[in-house]
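Subject: Handover of a structure

Dear colleague,

Please find below the structure that I am handing over to you.

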Amino acid sequence: MNDDTKPEPHGLTRGLTNYGDMDFARYLRLSMARSMGLSGSLLKKPVVGIAATYSEFNNCHRLVPELVAAVKRGVLAAGGLPLEFPTISLGEVFLNPTSLVFRNLMAMDTEEMVRGQPMDAVVLVGGCDKTVPAQLMGAVSANVPAIQVVTGPMMTGRWRGERLGACTDCRRFWAKFRAGEIDAETIEEVEGNLATTAGTCAVMGTASTMASLAEALGMMLPGTAAIPAVHADRIRAAEASGAAAMMLAAKKLRPDQIITEKAVENALRVLLAIGGSTNAIIHLTAIAGRAGIKVDLNRLNELSDTTPVLVDLKPTGPFYMEDLHVAGGIGAVLRELKPLLHLDALTVTGETLGERLAAEPGFVDRAVVRTLEEPLQPEGGLVALFGSLAPRGAILKRAAADPKLFEKEARAVVFTSLEDLAARIDSPDLDVTADDFLVLQNAGPLSPSGMPEAGYLPIPGKLARAGVKDMVRISDARMSGTAYGTIVLHVSPDAASGGPLGLVRDGDRIRLSVRNRRIDLLVEDAELARRRTEMGEPGPARPKRGYARLYKDQVLQADEGCDLDFLRAEPQRD
Ligand code: FES
Ligand code: MG
């Protein structure tokens, strides 16, 4: 074969299997590629892989096929060959025991398929809570030029003159139902009106937060995080992302040049300013961990002290993601935060964040996105707590909590597992008052439940009926980004790994001080040692086989992002 007839070592001829005769490997692959019916000239183009996550078990991804088609148009128009491939898809409410357990599996799937298949760049199409972090984790590890597209948020629905959106309103109505304020017929009617379009939850829940952070990290095209799923701009964003992927491939601009320490800090600032989901701390820690960057909870507190809350979306405010989009989107938030951001961070457009912000138009609806001078709250939405109950930290979303409960010492009412919680929370005999702290054990990463969103413990039935709306609740679980309340989460180490949370007993005193960033179990060390001996070795049995076994052996605590230990990068040198 004459050398100048050989295709460049890009596109479909990347990463050929070595049979000892590389020309044969190329010939074999192209022969098979021919069966796809593509023209010979297309087969020589740069390849943009499209990680497609359509699944009928994922309502939030219903319009992924439409987005994939648009990405393909963008790639073709820019002179490339788009090739769609499937990966695992994670529909938040359809996975048992919890979607978080499968996030790392999806990240591995994404990483290996991006690395193992011949592509010059990849467009990641995700949306629901765990899919965007999984895709970004995989992309960082594969380190192939990559760009994120999200499915976008749902539109709100209307019901009896009220505006409803998943899923803060889901919780609001369920609380009314539990309190006996509405009947079974009404709650069924509400159920039919909460999620009425394709797309991700309509509030600043985890999916919206992760979309916002993907844009803040520079991994998504400017202005695209908040476009509603059903808006025509969403399709145009996908097409533009396909074209951008071609540029990324040409420049060989890789995730490790974009997801840097500065970009991660920018994302943390945005997380705090949007009053984002507590889950995002875990996900951002895991994404950064893939790049060898540590997210330190003490640093989170420093940033939180100097980052005001600017965005007034549910679950903390009255607005929805569609409002944020028309109010100016994440660009409006970034422009406001400009003095606090690292403007030299690179983005997928090839521009720095500073260049992006300088070029943007200025309209902002101030009802939805406030100014730095007149913020909604002077400090960030999230805060980390440390103390004898949580030596490696815990998270409180203070933006969604009741400040009246922030400095308080109280009696613990302990539930030892999710099963125990379900069995007793509504019992008329439960010894509990509104002044107590509810404690849930064994719902962390090493528990059999795998850290579900169970940290939003229901108010005990008898108290709910008496009108109690909030109590301090403490657990090693997570909570949905759409939830609210004075809820201390992600207590690390978790009870199942032998953390002090597992040593709490009914009647113990616990002191919470948000001002001092403390959460302490007021029990003598000798007594805790006695309880520890009495309990014996921590942890449930090791699963016999499969992914569950790998997960149990390798999963890290919440403060390390719940990634699998062997998937993290070696930390970068200082
Ligand atoms: Fe997918 Fe809420 S269920 S974003
Ligand atoms: Mg959620």
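Predicted model: local features only at pLDDT ≥ 70, side-chain atom pairs only at ≥ 80, totals over all residues.

Residues are numbered from 1 along each chain as its sequence is written, while chains are lettered from A and ligands numbered from 1 in the order in which they are written.

Domains

The protein is divided into domain 1 (9-43), domain 2 (45-155 + 197-359), domain 3 (157-192) and domain 4 (383-541); such bounds come from an automatic or database domain assignment. The centres of domain 2 and domain 4, taken over C-alpha atoms, are 32 Å apart. Their contact takes 24 residues from domain 2 and 21 residues from domain 4, where two residues are in contact if their C-beta atoms, placed from the backbone, lie within 7 Å.

On the domain 2 side of this contact, the elements that give two or more residues are α4 (99-116), α8 (206-217), α12 (279-290) and α13 (297-305). Helices (H or I, at least four residues) and strands (E, at least two) are DSSP runs, numbered from the N terminus. The most is given by α13, with four residues. By type, this side of domain 2 has 12 nonpolar, 12 polar and no charged residues; Ala, Val, Leu, Ile, Met, Phe, Trp, Tyr, Cys and Pro count as nonpolar, Asp, Glu, Lys and Arg as charged, and the others, Gly among them, as polar.

An unreviewed UniProt entry places the feature "domain: Dihydroxy-acid/6-phosphogluconate dehydratase N-terminal" at residues 45-355. UniProt positions are given in the numbering used here, feature names are shortened, and annotations may be inferred rather than shown by experiment. Over residues 45-355 the chain is 49% helix and 9% strand, with 31 Å between the end C-alpha atoms.

The sheet

Four strands form an open, parallel sheet in the order β2-β1-β3-β4; two strands pair if DSSP finds at least two bridges between them. At the edges are β2 (81-86) and β4 (146-150), each of which pairs on one side only. Strand β1 (residues 47-52) is joined to β2 by six bridges, and valine 47 has leucine 81 of β2 as its bridge partner. Five bridges join β3 (residues 121-126) to β4, with leucine 124 opposite glutamine 148 in β4.

Is β4 enclosed or open? Five of the five residues of β4 are buried, so this strand is largely enclosed by the rest of the structure. A residue is buried if 20 or more other C-beta atoms lie within 10 Å of its own, exposed if 12 or fewer, and partly exposed in between, with C-beta atoms placed from the backbone. Ala146, Gln148 and Val150 lie on one side of β4, and Ile147 and Val149 on the other.

Two residues

Alanine 273 lies in helix α11 (residues 261-273) and is buried, because 30 other C-beta atoms lie within 10 Å. Leaving out residues up to four places away in sequence, alanine 273 touches Thr307, Pro308, Val309, Leu310, Val311, Val333 and Leu337.

Valine 326 lies in helix α14 (residues 321-327) and is partly exposed, with 14 other C-beta atoms within 10 Å. The C-alpha atoms of valine 326 and lysine 469 are separated by 32 Å.

With kind regards
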